[in-house]
Amino acid sequence: MEPFTERAVKIIKRIPPGKVMTYGQIAAHAGSPRAARQIVRILHSMSGKYNLPWHRVLNSKGEIGFRDEEQKMTQILSLEAEGIHFVGDNRIDLEEFQHQPEISANQVRPK
């Protein structure tokens with residue numbers, strides 16, 4: 001596994017129940033702030049193998065990225081089961097629910 005991917009997997013695994021992170025935020029914490037799309041690929045290809053809490057990862061607006069209604073509903077129900085509530089149909093208040101992990105020396109501080 002590439003170092004960036006390994007760091008991203010560790011960060012995703014540490015998102016606590018009832019909290020969320022954004023793709024870009026995870027990328028920045030993993031050391032590559034412009035690699036949000038890579039986080040999408042990691043979640044798509046590795047969630048099952050590494051038991052990643054994929055449902056706790058959202059876009060930069062706090063919205064669910066799935067267009068497929070079944071996947072979207074699965075994510076909504078998973079987040080609501082953890083006590084997260086939505087503003088409107090599809091958005092979470094990041095001020096309230098965004099996880100802010102500690103910054104280590106090899107991480108890039110997210111904007």
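Begin by selecting the largest nonpolar core of this predicted model, which has 18 residues, those with the most contacts inside it being Phe 4, Ile 12, Ile 26, Ile 39, Ile 42 and Leu 43; a nonpolar core is a set of buried Ala, Val, Leu, Ile, Met, Phe, Trp, Tyr and Cys residues joined through side-chain atoms within 4.5 Å, where buried means under 20% relative accessible area with a 1.4 Å probe, protein chains only. Helix α1 gives the most to this core, with five residues (helices are DSSP runs of H or I, at least four residues, and strands are runs of E, at least two, numbered from the N terminus).

Residues are numbered from 1 along each chain as its sequence is written. Local features need pLDDT of at least 70 and side-chain atom pairs pLDDT 80 or more, whereas totals for chains, interfaces and linings use all residues, and side-chain values use heavy atoms, without hydrogens and water.

Next, select Ile 12, which touches Ile 26, Ile 39, Ile 42, Leu 43, Leu 52 and Pro 53 (heavy atoms within 4.5 Å), leaving aside residues up to four places away in sequence. Apart from this core lies another, of ten residues, among them Val 20, Leu 58, Ile 64 and Phe 97.

Then show α1, residues 3-13, whose buried residues are Phe 4, Thr 5, Ala 8, Val 9, Ile 11 and Ile 12. Because they cover an arc of only 165 degrees around the axis, taken from the directions to the C-beta atoms, they sit on the same side of α1. Their cover includes β1 (21-22), α2 (23-29) and α3 (36-50).

Conventions. Buried < 20%, exposed > 50% of the residue type's maximum accessible area, 1.4 Å probe, protein only.
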